[in-house]
Amino acid sequence: MSRCDRQGAKGPTGWADGSQGGAPATDSTGFRYAFALVQRLELIDAHVHADGLSDADLDTLARFGVGRVVVCAHDGALEPGAEATAKAWLTQFEQLLTVQAPRLKQAGLSPLFALGVHPAHAPWHGLDEILHKLPAFLSDPTVVGIGAVGLKRADERERYVLARELELAAELRLPVWVSAPPLDPERGLRQVAATLRELAFPAERVLVGQVTPGMVPLLLACGFSLALEPSAQRLSVPEIVRLVRRHGPNRFVLTSHAGDGSADLLAVPSVVAHLRDAGLSPAVIRRVARDNALRLAGREEPLARRARAG
Ligand SMILES: [Zn+2]
């Protein structure tokens with residue numbers, strides 16, 4: 001595997017300007033600071049699974065300052081043990097747009113979607129039907145990318161499906177949400193990175209999720225954006241704070257994966273609070289908790305509008 005060019009990997013820098021706030025970091029949860037911050041900043045959680053969240057969960061997210069969420073099609077797409085059919089995948093896409101979108105809006109959240117078939121769960125029969133119908137779903141104004149995709153076994157079939165979806169993403173100029181496989185994340189991500197490079201897919205349109213600390217230098221060197229999400233197996237909150245402090249905010253996006261298993265519903269406001277407590281500046285926090293996700297989703301706001309919004 002060829003090495004990625006070293007780019008954008010800043011060494012240790014002073015991203016904490018220490019000039020903001022001035023209040024002592026005495027609140028153990030940090031939520032006091034989160035509330036202070038979100039009064040001025042709409043947070044974006046760039047990877048959730050709405051169909052795993054209750055109405056109360058959605059209400060809580062909105063009350064803790066999350067204004068927009070990116071809902072990804074999930075790996076299984078189906079009831080446990082059920083067959084991964086084209087019909088099931090297409091039904092999931094339909095339900096995300098027609099059932100989950102109104103639920104999210106009702107809770108005060110603006111929904112965005114990343115839709116696609118995870119190659120590990122692509123049906124043997126019916127893949128062409130899904131790929132034929134997927135562009136119509138992707139044309140919905142709330143759909144901002146293809147995802148979540150990735151490789152689990154990384155066999156020939158998975159690599160074929162991934163390549164077909166990456167070709168579609170390139171054609172439509174859409175970003176892709178990439179997830180690491182649960183059992184062997186580093187091997188899986190290396191293989192996805194190799195496929196992305198083989199296809200010359202633009203690195204700036206890739207958000208890689210479920211990363212481990214050991215993968216960060218390689219993924220940054222490849223030019224990808226990285227989803228930082230606290231998880232018992234992968235990244236702790238202090239590690240996330242250290243990564244932002246060390247590498248700067250430009251390539252990181254905060255996500256929770258809420259709605260999937262034991263993922264922390266309030267991961268994004270919680271990390272924001274800890275970044276604030278650690279002395280990271282509001283400008284840095286704004287990048288990782290909002291602006292980078294908007295840029296990836298092609299929803300960057302004009303400066304004038306942002307200025308008016310205060
Ligand atoms: Zn997911």
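Which residues in H4 meet which residues in H5? In this predicted model, Leu127, Leu131, Leu134, Pro135 and Leu138 of H4 meet Val161, Arg164, Leu168 and Leu172 of H5. The protein contains 11 helices and eight strands. Of its 310 residues, 47% are buried. Among contacts with a separation of 6 or more, 77% involve residues 24 or more positions apart.

**The sheet**

- The eight strands form an open sheet in the order E1-E2-E3-E4-E5-E6-E7-E8, and the pairing is parallel.
- Strand E1 (43-48) and strand E8 (252-254) stand at the edges with a single partner strand each, so one side of each has no neighbour in the sheet.
- On average, neighbouring strands of this sheet are turned by 30° against each other, direction ignored.
- In a regular strand, side chains alternate between the two faces of the sheet.

**Individual strands and their partners**

- Strand E1 is mostly covered, as six of its six residues are buried.
- Strand E1 pairs with strand E2 (residues 66-72) in the parallel sense, over four bridges.
- Within this pairing, Val66 in E2 is the bridge partner of Leu43.
- Strand E5 (residues 176-179) and strand E6 (residues 206-209) run parallel and are joined by four bridges.
- Trp177 stands opposite Leu207, which belongs to E6.
- Helix H5 (residues 156-172) lies across strand E4 (143-149) and E5, and H5 runs at about 165° to E4.

**Helices H4 and H5**

- Two packed helices are described by the angle between their axes and the distance between the axes.
- The axes of helix H4 (residues 127-138) and H5 come within 12 Å and cross at roughly 25°.
- Angles under 35 degrees count as roughly parallel, and H4 is therefore roughly parallel to H5.
- The crossing in which H4 passes H5 is right-handed.
- On the H4 side, the residues that meet H5 include Leu131 and Pro135, while on the H5 side they include Val161 and Arg164.
- By class, the residues of this contact between H4 and H5 comprise eight nonpolar, no polar and one charged.

**Helices H8 and H9**

- Helix H8 (residues 237-247) and helix H9 (residues 267-277) have axes that come within 10 Å and cross at roughly 60°.
- Helices H8 and H9 are therefore oblique to each other.
- The crossing of H8 and H9 is right-handed.
- Val237, Ile240, Val241 and Val244 of H8 make the contact with Ser270, Val271, His274 and Leu275 of H9.
- The contact of H8 with H9 has six nonpolar, two polar and no charged residues.

- Ala273 lies in helix H9.
- Is Ala273 buried or exposed? Ala273 counts as buried because it has 27 C-beta neighbours inside 10 Å, and the cut-off for a buried residue is 20 or more.
- Ala273 and Ile285 are 12 residues apart along the chain, and their C-alpha atoms are separated by 9.4 Å.

**Backbone features**

- Most residues other than glycine have a negative phi, and most peptide bonds are trans.
- The peptide bond from Gly147 to Ala148 is cis, with omega near -5°.
- Ala148 lies in strand E4.
- Ala154 is not a glycine, yet Ala154 has a positive phi of about 60°.
- Where is the place of Ala154? Ala154 is in the loop between E4 and H5.
- Ala154 is buried, because 21 other C-beta atoms lie within 10 Å.
- Gln210 is likewise not a glycine and has a positive phi of about 55°.
- The place of Gln210 is in the loop between E6 and helix H7 (216-221).
- Gln210 has 25 other C-beta atoms within 10 Å and is therefore buried.

Note on methods: Residues are numbered from 1 along each chain as its sequence is written. This is a predicted model: local features need pLDDT of at least 70, side-chain atom pairs count only at pLDDT 80 or more; totals for chains, interfaces and linings use all residues. Axes are lines fitted to C-alpha atoms, for helices over the stretch in contact, and angles run from 0 to 180 degrees between N-to-C directions. Helices (H or I, at least four residues) and strands (E, at least two) are DSSP runs, numbered from the N terminus. Angles under 35 degrees count as roughly parallel, over 145 as roughly antiparallel, 65 to 115 as roughly perpendicular and the rest as oblique. A crossing is left-handed if the near helix is turned anticlockwise from the far one by less than a right angle, and right-handed if clockwise. Two residues are in contact if their C-beta atoms, placed from the backbone, lie within 7 Å. Ala, Val, Leu, Ile, Met, Phe, Trp, Tyr, Cys and Pro count as nonpolar, Asp, Glu, Lys and Arg as charged, and the others, Gly among them, as polar. Two strands pair if DSSP finds at least two bridges between them. A residue is buried if 20 or more other C-beta atoms lie within 10 Å of its own, exposed if 12 or fewer, and partly exposed in between; C-beta atoms are placed from the backbone.
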